[in-house]
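Here is a short briefing on contacts, helix packing and the core. Please look over the sequence and structure first.

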Amino acid sequence: MSKLTKDEVLHIAKLAQLTLSDSEIKKFLPQLTSVVEYIGQLKEVNTEGVEPTAQVTGLTNVFRQDEVDSANTLSVDDATGGSDKLYNGYFKVGAILADRSDK
Amino acid sequence: MDLPLTIKETQKGLIEKKFSAVELTDSYLERINKYNKEYNIFLTVSEEDAYKKAKEIDKSEKKLPLAGVVTGYKDIFMTKGIRTTAGSKVLEGYIPPYSATAVKRIEEAGGITLGKLNCDAWAHGSSGENSDFGPTKNPWNRGCTPGGSSSGSGAALSANMCLVTTGTDTCGSIRLPANYGYLVSLKPTYGAVSRYGVIAMASSLDSVGPLGHTVGDVETVFNVIKGGDGHDSTVVDHEAQAIKSKYKIGIPKEFFVDGIDPEIQKTIDEAVKIFKSEGVEFKEVSLPSTKYAISCYYIIQPAEVSSNLGRFDGIRYGNSREAFGDEAKRRIMLGTYVLSSGYYEAYYLTAMKVRTKICQETEKVFGEVDAMIAPVAPTPPFNLGEKTSDPLSMYLTDIYAATANLSGIPSLAIPSGFSKKGLPLGFQLMGPRFSENNLFDLGKKYHDAISFEPKVALK
């Protein structure tokens, strides 16, 4: 099966929002390549007509009433207690939209 | 004081006032203070909470099933007000606002929470060496791994720092630390125990279960934590299966081939002989697709890992993604790769189909036998550092573990003896979904027949 290239590793890292240093790329490339080669053995298996399995409970469509359960609801303070980047009880996040540069 | 090694003896001692729950807590803490620095087992000790609870137990009637049972939790279980790191620097200072269902149920049943146990970061690993807080050493031999990923959960019992522990098993992570620590543990049926409040690794494979010194203790804790809580929609409340009067155990021929360690082969041969003398029948069975189990697992699991770890963005809690360690980065990338455009069909979809074949073969075998016997790992405890530079060789440690997770069946890890070097040996018994009761029964039969006594490593 296919050998991983440096460009592919950089592409995957970008998709996964990971920043890799040069030494990490150098270390991970052969390690990931050997794993990718190993898992490639699955192409030997005849899977024609076999349905995929995503979970093994045999359950389908587990529903509950759409009701607020106040005994199991966190307060705003508890829910935001893990962050110090807060504003008026909201999380502060980085901007994802920028000013248009063509105006 | 000599610490009791079973729940029964602990509760007998408390009721007869041979010792108090506060004195038990003192003794475990004394051992933690003596050995933890060297063995790196507890990441957080919740001394104040433990004493508070111990005093309550000393004042109460002690009728609860886990009254006075001093417990440690793998640090992937959320504990309200007690730091929970998942073994990762990403969650270095994270204090959860609520507790996992398993923790809550153990505490409500009288358990005393003593603290949080080291593990491979995000439960990624077979040796404990992927913990961002340093590896745990095996109390039976400090040059060896205690087995991962629930490394602290095994070592805490071998070092007698608490009476029972919890772990999570996505591919052997409850069974291997028991196997490498002369302990009993249960990877329950997928869907028997709620994962609510347990940091997710690979959601179609993760199981929550107990580790202890005896089959009876593991059974007691399982009965406390099992069953639906309305917060994990995979959990089914299942009637316990009736205990069988006669058993037939399958020996999967694909698991006993070249490469199996001779001492492990020998200990399983002896166990088979003992079971036979107890009237258990044996039959050779076949699981032809299990040779692809690790490949299948190392596609499905990283795919689910890459999705589950997507939520760690450093905004609502925890540090940024730069704080991920090497193994988490490798798995996130592997998962992203097998799910990415152009590779999804070749890897992920194929793996889901191979999983179907493994499930079908397992189901067929359980039409012929009541349980299967197998090694837990290919070798006894290996040396720290032995496999760290070669992730693939580390992954292959779990070659016998994957079948139970992929097919969602329960497996009981049982200690059987020691190697010539004095390292723990054991085996696993797998059964059909929701057959835990019968696995416990078989485990007790075996341990009764060999007059099993629990043992701890450090004086």
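**Briefing: a core residue and its surroundings**

Leaving aside neighbours within four places in sequence, B:I299 is in contact with A:I39, B:V338, B:Y347, B:Y348 and B:A351; contact means that C-beta atoms, placed from the backbone, lie within 7 Å. This is a predicted model: local features need pLDDT of at least 70, side-chain atom pairs count only at pLDDT 80 or more, and totals for chains, interfaces and linings use all residues. Residues are numbered from 1 along each chain as its sequence is written, while chains are lettered from A and ligands numbered from 1 in the order in which they are written.

**Core**

- The largest nonpolar core has 145 residues, and B:C296 and B:I299 have the most contacts inside it.
- Such a core is a set of buried Ala, Val, Leu, Ile, Met, Phe, Trp, Tyr and Cys residues joined through C-beta atoms within 7 Å.
- Buried means 20 or more other C-beta atoms within 10 Å of the residue's own, exposed means 12 or fewer, and partly exposed is in between.
- Helix 9 of chain B gives the most to this core, with 9 residues; helices are DSSP runs (H or I, at least four residues), numbered from the N terminus.

**Helix 9 with helix 11, chain B**

- The axes of helix 9 (residues 293-308) and helix 11 (residues 344-368) of chain B come within 9 Å and cross at roughly 125°.
- That angle makes helix 9 of chain B oblique to helix 11 of chain B; under 35 degrees is roughly parallel, over 145 roughly antiparallel, 65 to 115 roughly perpendicular, and the rest oblique.
- Among the residues that meet are B:C296, B:I299 and B:I300 in helix 9 of chain B, and B:Y347, B:A351 and B:R355 in helix 11 of chain B.
- By class, this contact has 11 nonpolar, no polar and 1 charged residues.

**Chain A against chain B**

- 39 residues of chain A are in contact with 45 residues of chain B.
- Helix 2 of chain A gives the most to the side of chain A that touches chain B, with 7 residues.
- Helix 1 of chain A packs on helix 10 (residues 326-339) of chain B at about 100°, with axes 9 Å apart.
- These two helices are therefore roughly perpendicular to each other.
- A:V9, A:I12, A:A13 and A:L15 in helix 1 of chain A meet B:M333, B:T336 and B:Y337 in helix 10 of chain B.

**A loop residue**

- A:Q55 lies in the loop between helix 2 and helix 3 of chain A.
- With 16 C-beta neighbours inside 10 Å, A:Q55 counts as partly exposed.

Terms used
Axes are lines fitted to C-alpha atoms, for helices over the stretch in contact, and angles run from 0 to 180 degrees between N-to-C directions. Two residues are in contact if their C-beta atoms, placed from the backbone, lie within 7 Å. Ala, Val, Leu, Ile, Met, Phe, Trp, Tyr, Cys and Pro count as nonpolar, Asp, Glu, Lys and Arg as charged, and the others, Gly among them, as polar.
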